[in-house]
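Q: I am new to reading protein structures. Can we go through one together, feature by feature?

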Amino acid sequence: MRKIIVLTFITLDGVMQAPGGPKEDTSGGFKYGGWTVPYFDDFAMKIMNEQMKRPFDLLLGRKTYEIFASYWPSHEKEWPGINEATKYVASDDASIKLNWDNSVLLKGDVAQEVKKIKSQNGPDLQVYGSGNLSQTLFKHDLVDELWLKIFPVTLGSGKRLFAEGTIPMAFKLIDSKVSPKGVIFANYERAGEVKTGSF
């Protein structure tokens, strides 16, 4: 059984849209693209490099796939193994061109296709960006771990990691670090149902 790990940059108010640059995703009139950049330092890069060195395949939505496919094929030295990894792509557009090596379009019911892939032998499936796909994964309780990078900024608007489709879920913190610039790196694993009580 393979794990599905959602790796996401988020703000304190849960926004995940366009962390890497002004033109990355301007949909909905979003004007704060690149909000992570001022907070990246050697500490953050070291953690990112450690996470990117683990064995992995990718599970991506169309928009994130196209962003990745325009950059990573010619920058493999920055992410060893990225070209060899299988890239599973969820898209409603059957005409999408998957020109990057080892790319596979998920056809039909995405949740069912992901369940099949998850049940196979292989490396863990890492999800970057891919907000709409993440909502589908949350809705069907397919996420095993969250590797969050929480930045000390609020944006008020933009696509959020936890939006429509998120079901009540409990998680357990398995690792955490804080960078000198205040970025919290927090890894969580799925921990059953939500428990309640009273004081």
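Q: Is Y32 buried, exposed or partly exposed?
A: Start with the cut-offs: buried means under 20% relative accessible area, exposed over 50%, and partly exposed in between (1.4 Å probe, protein chains only). Y32 has a relative accessible area of 38%, so Y32 is partly exposed. Keep in mind that this is a predicted model: local features need pLDDT of at least 70, side-chain atom pairs count only at pLDDT 80 or more, and totals for chains, interfaces and linings use all residues. Residues are numbered from 1 along each chain as its sequence is written, and side-chain values use heavy atoms, without hydrogens and water.

Q: Where is Y32 found, and what does Y32 touch?
A: Helices (H or I, at least four residues) and strands (E, at least two) are DSSP runs, numbered from the N terminus. Y32 sits in the loop between β1 and α1 (42-52). Contact means heavy atoms within 4.5 Å. Leaving out residues up to four places away in sequence, Y32 touches A18 and L155.

Q: Is S134 buried or exposed?
A: S134 has 1% relative accessibility, so S134 counts as buried. This residue lies in helix α4. Beyond four places in sequence, S134 touches V6, V127, G129 and L161.

Q: In what order do the strands of the sheet come?
A: Two strands pair if DSSP finds at least two bridges between them. Here 8 strands form an open sheet, in the order β4-β3-β2-β5-β1-β6-β8-β7, with mixed pairing. The edge strands, β4 (103-106) and β7 (171-178), each pair on one side only.

Q: How many bridges join β1 to β5?
A: There are 4 bridges between β1 (residues 4-11) and β5 (residues 125-128), and the two strands run parallel. L7 stands opposite Y128 in β5.

Q: Which strands does helix α3 touch?
A: Helix α3 (residues 110-119) packs on the sheet and touches β1, β2, β3, β4 and β5.

Q: Which residues of α3 are buried, and where do they lie around the axis?
A: A111, V114, I117 and K118 are buried in α3. They cover an arc of only 120 degrees around the axis, so they are on the same side of α3. The arc is that of the directions from the helix axis to the C-beta atoms. Their cover includes β1, β2, β3, β4, β5 and α4 (131-139).

Technical notes: Axes fitted to C-alpha atoms, helices over the stretch in contact; angles between N-to-C directions.
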